[in-house]
Amino acid sequence: MVITDITFEVKKFRFEEPMKIAFATITDMETCIIKVMTDEGITGFGEAAPFPYVTGDNLETVISVGRDLREALIGTDPRSIGTVHRIMDSMYAGNTAVKAGIDIACYDISSKSAGLPLYKFLGGSDPHLTSDVTIGIDTPERMAETALSWVRKGFGIIKVKLGEDIRTDAARIRAIREAVGEDVAIRIDANQGWTVRDAITISRELDKLGVDLIEQPVPGHDFDGLAEIRRSSPVRVAADESCHSIYDASWLARMRAVDVVNIKLMKCGGIYNAIKISAICEAAGIPCMIGCMGESTLANLAGMHLAAATDNIRDIDLDSVYILKQEDVYGGYDHEGGNVTLWDDPGIGCTVKGD
Ligand SMILES: [Mg+2]
């Protein structure tokens, strides 16, 4: 089987509510749906969801780099995923979103060709997962209301965006904890918004409020800062913007800088590299989370299949399926609140409108 063509189509999705995080407010987002065609008639679907602040690429680069990768990949067996990555990496450093989109489509083809849902193709057996849902930055009162509305919809884990001044941030969590009660798990994501001193100070307060994880308190490059926070914080510390690659994962592990690593397919170039990052972390005793950018159900589902197949990926932060309006991508899973069941159709399992 060989690749005969790759196409790129930009689609726009609106958020149900504007999402504010420490360095941006997002009302809608565009992603690129990638289709990989083969000479055996099997088509694979992938998605590139670049996020310039984090991945350094954008939709224009996804498409221009994607066209070059297309030329080089035509004639390659999409099931030879190591070869696909070798070709992509030999042409372009970085550009992880487009690489992830092509990678996801190739895994879709491989699992369809094996007649298995992707999670089984990757070695898993259990199609059930539980995801958190993310709340953007707002006033403490409004964030508490939003949190409560998600809990009423059946979510037991809330991820809260923070990263502004730590007094207001602490007030936000106090309000949310008061609204949702003791039984809801709360994890927070500061998106690089604090200093080391801020993070250590607020960690004690967050611990008292039952927060179970602090994600990316300081800028992504500050591995020493993360390690310092981890040594002093009673709450677990996670890396997100600090970990894009197997090399980042290896350094974070060697420096004992974090308790958890948040893997995102768009940061690392897809499932192939995500598996390696998880293995590096597992060997170092570091569990992983899987997260997402503003992406549609398609890329979210790819992450869910990977998580369902990977013991070391314990925390699921794949919530664009709940917070995005989308009519163009559907199916592939059922959910009740944050509890997801993946379908057993071969491949990723969702349908892209018009195909
Ligand atoms: Mg994050």
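Two strands are taken to pair if DSSP finds at least two bridges between them. By this criterion, β2 and β3 pair in the antiparallel sense, over six bridges. The model described here is predicted.

β2 spans residues 24-38 and β3 spans residues 43-48. Cysteine 32 stands opposite alanine 48 in β3. The two strands form a hairpin, with four residues between them. Glycine 41 sits in the loop that joins β2 to β3. In this turn, glycine 41 has a positive phi of about 85°. Glycine 41 is exposed, because 8 other C-beta atoms lie within 10 Å and the cut-off for exposure is 12 or fewer. The C-alpha atoms of glycine 41 and alanine 302 are separated by 21 Å. Along the chain, these two residues are 261 residues apart.

β2 also pairs with β1. This pairing is antiparallel and runs over 14 bridges. Within it, lysine 11 stands opposite threonine 31 in β2. In general, the strands of a sheet pair through backbone hydrogen bonds, in either a parallel or an antiparallel sense.

The domain arrangement was examined next. The protein is divided into two domains, domain 1 (3-114) and domain 2 (120-352). Their centres, taken over C-alpha atoms, are 22 Å apart. Domain 1 brings 35 residues to the contact, and domain 2 brings 37 residues. On the domain 1 side, β1 (3-21), β2, β3, α1 (52-55), α3 (81-91) and α4 (96-114) each supply at least two residues. The most comes from α4, with twelve residues. By class, the side of domain 1 that touches domain 2 holds 20 nonpolar, six polar and nine charged residues.

Strand β7 (residues 185-189) pairs with β8 in the parallel sense, over four bridges. Aspartate 189 has glutamate 215 of β8 as its bridge partner. On β9 (residues 237-239), β8 pairs again in the parallel sense, here over two bridges. Glutamate 215 also takes part in this pairing: its bridge partner in β9 is alanine 238. The chain crosses from β8 to β9 through helix α9 (residues 223-232), and this β-α-β crossover is right-handed. A right-handed β-α-β unit is also made by β7, helix α8 (residues 196-208) and β8.

Burial is marked in this region. Strand β8 (residues 211-215) has four of its five residues buried, so this strand is largely enclosed by the rest of the structure. Two loop residues are also buried. Asparagine 191 lies in the loop between β7 and α8. Its phi is positive, at about 45°, although asparagine 191 is not a glycine. Asparagine 191 counts as buried because it has 23 C-beta neighbours inside 10 Å, and the cut-off is 20 or more. Glutamine 216 lies in the loop between β8 and α9. Here too phi is positive, near 40°, in a residue other than glycine. Glutamine 216 has 27 other C-beta atoms within 10 Å, and is therefore buried.

A further sheet involves β4, β15 and β16. These three strands form an open sheet in the order β4-β16-β15, with antiparallel pairing. β4 (128-130) and β15 (333-336) are the edge strands, each pairing on one side only. From one strand to the next, the twist averages 25°. β4 and β16 (residues 339-342) pair in the antiparallel sense over three bridges. Histidine 128 stands opposite threonine 341 in β16. Helix α13 (residues 297-309) lies across β4, β15 and β16. Relative to β16, helix α13 runs at about 90°.

How values were computed:
Residues numbered from 1 in each chain as written. Predicted model: local features only at pLDDT ≥ 70, side-chain atom pairs only at ≥ 80, totals over all residues. Domains from an automatic or database assignment. Contact = placed C-beta atoms within 7 Å. Nonpolar A, V, L, I, M, F, W, Y, C, P; charged D, E, K, R; others polar. Axes fitted to C-alpha atoms, helices over the stretch in contact; angles between N-to-C directions. Right-handed = clockwise from strand over helix to strand, strands pointing away.
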